[in-house]
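Subject: A structure for you to look at

Hello,

Here is the structure I promised to pass on. Please open it first, and then read my notes below alongside it.

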Amino acid sequence: MSSRRVCQRCSTLPASIQRAPAPLSARIAAKRCFTLSRTKQPSKSPSDNPPLQNKRRLSSLESQGQRASSEYVAPPASQQPSQSPHEDNSRLLLKPDNLFHSFSNSPSPEIRRRAAFMKQNAYCPHPAHAQTRQPIGPHDLEARKTGTHPPAHVRYECPDCGIPVSCSYEHFADDYENHLDICDQLREINEDDHDLRSGRFFPEFEYPGPQLEEAQVNMTNWDTLLYTREFNAIDNERSLRQATRLLTYPITIGSVIHELSPYNIQSGGRLTPEGLKSMTLRYTLHPPRSGAGMTVAGLRPNPPPTRLFILGARAESSLPREVWIQLVHLFPRAIFHLIFIGPESMANRDAEFPLPPRTASNPFGAVVEDRISGQMKISTFVEYYHTLHAAGAFAPYDPYFDAFVLFHPGLGHPASSHEWAETIPQLLETKVPVICTGYTEYDMQRDIKWVHDTVGGEVDMLLEPGENRFRSLRWDLNDADPSDVSCGNFGLWAFRGKRYETTRKDVE
Amino acid sequence: MPLGRIPQSSYYDARNRPGAALYRARQPYLVKNAVTGLFIIGFVAGVYSWTIRAIGQDDFSDVPMPDAPIQAGHAPHTTAGSRSAGPA
């Protein structure tokens, strides 16, 4: 690989990483000059965090944010990425065959902190205990609890998966069949977490640049997508899981709005005819050639950018911008404006505080990143969407240019559904497609049910709910409830407000 | 040996054998491609066999052949006198 020039700021990164109390500052600085340097930081540190909303799933987001600086000794910024393996091994904390450790006895202090958190917050799921909260659904283990024992925090770690799942050995042995259902997944989560902190070189986080327009992308599944997008080959399944965990966000959006989308109107294709009508975005994203060139004679009028409003943004707003640029590379002649909206949209982005002042030209104090690429601009609003809609901040909405994306919004989740109650009718009013994902099948169905209950028959389904082809392959653990595993963007569906071309008038 | 490295795809290993990622990427198309391949090869084999049969010798076993003429003492295969070469 050629040597990479490093800007002045990035060359001072290693020292700042170890010193800074807010370790993400260094990563954010790296992100800002990412076009100049590609330092081998484990740049996904904030984005490793599962997109957990604090209200719905207690998470150690803050503690996870501390992870990068405390553990990984970053190589100096000028180091060539194509290090010989011998030098890498000296920095390796965990060898690939040594990735399974019980959480409490983990070599990584961050994971030990997580284990301590679990032991203080998670309750034993054995039915003999009394309930501590309302069961969230029929599959929630809380629903089984009918006993009178006082609730006890988990202390006993399963020897096979290393995660504290029960309060005592007796309860663990008693409940073993239920645990066996998820033991393998928990072990995989355990090993993946240790792998992320193992200090190895992560070739799977090297993303390719734009490609020839005629080299079409195949969106059948992750493997064909990565191959046709000219990613470096990811042979190892663990590496594939780590990579897809981040890439799921841009690629899920891309898989729905691209003209070569795997969802079609044949039976089993999940796209409804209304959905096909709503994919008018494709006219903007795949424009016909206009004869544009680099000279004055090649000047052509250009359409406005495609606006993707990502509502309820939490961890996805802190994803490295190289990951979001992958969305742009799927559409060679389109430009994008990503707008992250939500009260938690600056999660894990502490280095970018304080927010810009509210001025007439920026009435909501949005953080605008317009130097990422010639084809993408990202704005972040720390506001509820209904405030911005009422203020007309983005009006008018045009289904040829706009789409809403909701990543695991928790529409039906009891802790967050009241926040969405005001927003959803406004989204329907815009008649613009709304793409939603969900953590699990149950989560998704609950959201759909809530939407139907709240707004009745005013909703047209564009994409039938089902498993997302481009879901994260890596499973995440909920620190507040170790038996709750989910993966990013597991389910996918889309809706839109009903459009009435003609309405019936009652003839008396 | 050229100065720059010969570009090499990461989907093939050092000995140019396909790697695991390439097998996974090809996996949805394996069966369909194999069946299509069989059809093509079968079609070609069919065309070849029909053509070669078609241009083969005809089978005259159902035609009654007269007996060979009885000729004694002739020198066989003398063509100079017995055949005229057309108008001289």
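Which strands of chain A does α12(A) lie across, and at about what angle does it run to β8(A)? Before the answer, a word on the basis. This is a predicted model, in which local features need pLDDT of at least 70, side-chain atom pairs count only at pLDDT 80 or more, and totals for chains, interfaces and linings use all residues. Residues are numbered from 1 along each chain as its sequence is written, chains are lettered from A and ligands numbered from 1 in the order in which they are written, and side-chain values use heavy atoms, with hydrogens and water left out.

Now the answer: α12(A) lies across β3 (306-311), β4 (336-341), β7 (402-406), β8, β9 and β12 of chain A, and runs at about 135° to β8(A). Helices (H or I, at least four residues) and strands (E, at least two) are DSSP runs, numbered from the N terminus. Angles run from 0 to 180 degrees between N-to-C directions, with axes fitted as lines to C-alpha atoms, for helices over the stretch in contact.

The sheet

In chain A, eight strands form an open sheet with mixed pairing, in the order β5-β6-β4-β3-β7-β8-β12-β9. Two strands count as paired if DSSP finds at least two bridges between them. β5 (367-373) and β9 (459-467) of chain A stand at the edges with a single partner strand each, so one side of each has no neighbour in the sheet. On average, neighbouring strands are turned by 15° against each other, direction ignored.

Within this sheet, β8 (residues 434-438) and β12 (residues 491-497) of chain A run antiparallel and are joined by five bridges. A:Thr437, for example, has A:Leu492 in β12(A) as its bridge partner. Helix α18 (residues 423-430) of chain A also packs on the sheet; α18 touches β3, β7, β8, β9 and β12 of chain A, and its direction makes about 65° with that of β12(A).

Where the two chains meet

On the chain A side, 14 residues are in contact with 10 residues of chain B, contact being heavy atoms within 4.5 Å. The two chains, A and B, bury about 1000 Å² between them, 50% of it on carbon and sulfur atoms. Buried area here is the accessible area (1.4 Å probe) that two parts lose on being put together, summed over both. A:Asp223, A:Tyr227 and A:Asp235 supply 47% of the area that chain A buries against chain B, more than any other three residues.

The rule finds two salt bridges across this interface, each a side-chain nitrogen of Lys or Arg within 4 Å of a carboxyl oxygen of Asp or Glu. One of them joins the side chains of B:Arg24 and A:Asp223 (2.9 Å, N to O). On the side of chain A that touches chain B, the elements that give two or more residues are α11 (222-228) and α12 (237-257) of chain A. The largest share, four residues, comes from α11(A).

Backbone details in the loops

Please look at two cis peptide bonds as well. A:Phe353 and A:Pro354 are joined by one, with omega about -5°, and A:Pro354 lies in the loop between β4 and β5 of chain A. Another joins A:Ala395 and A:Pro396, with omega about -10°; A:Pro396 sits in the loop between α16 (385-390) and β7 of chain A.

A:Glu230 is not a glycine, yet has a positive phi of about 60°. This residue lies in the loop between α11 and α12 of chain A.

Best wishes
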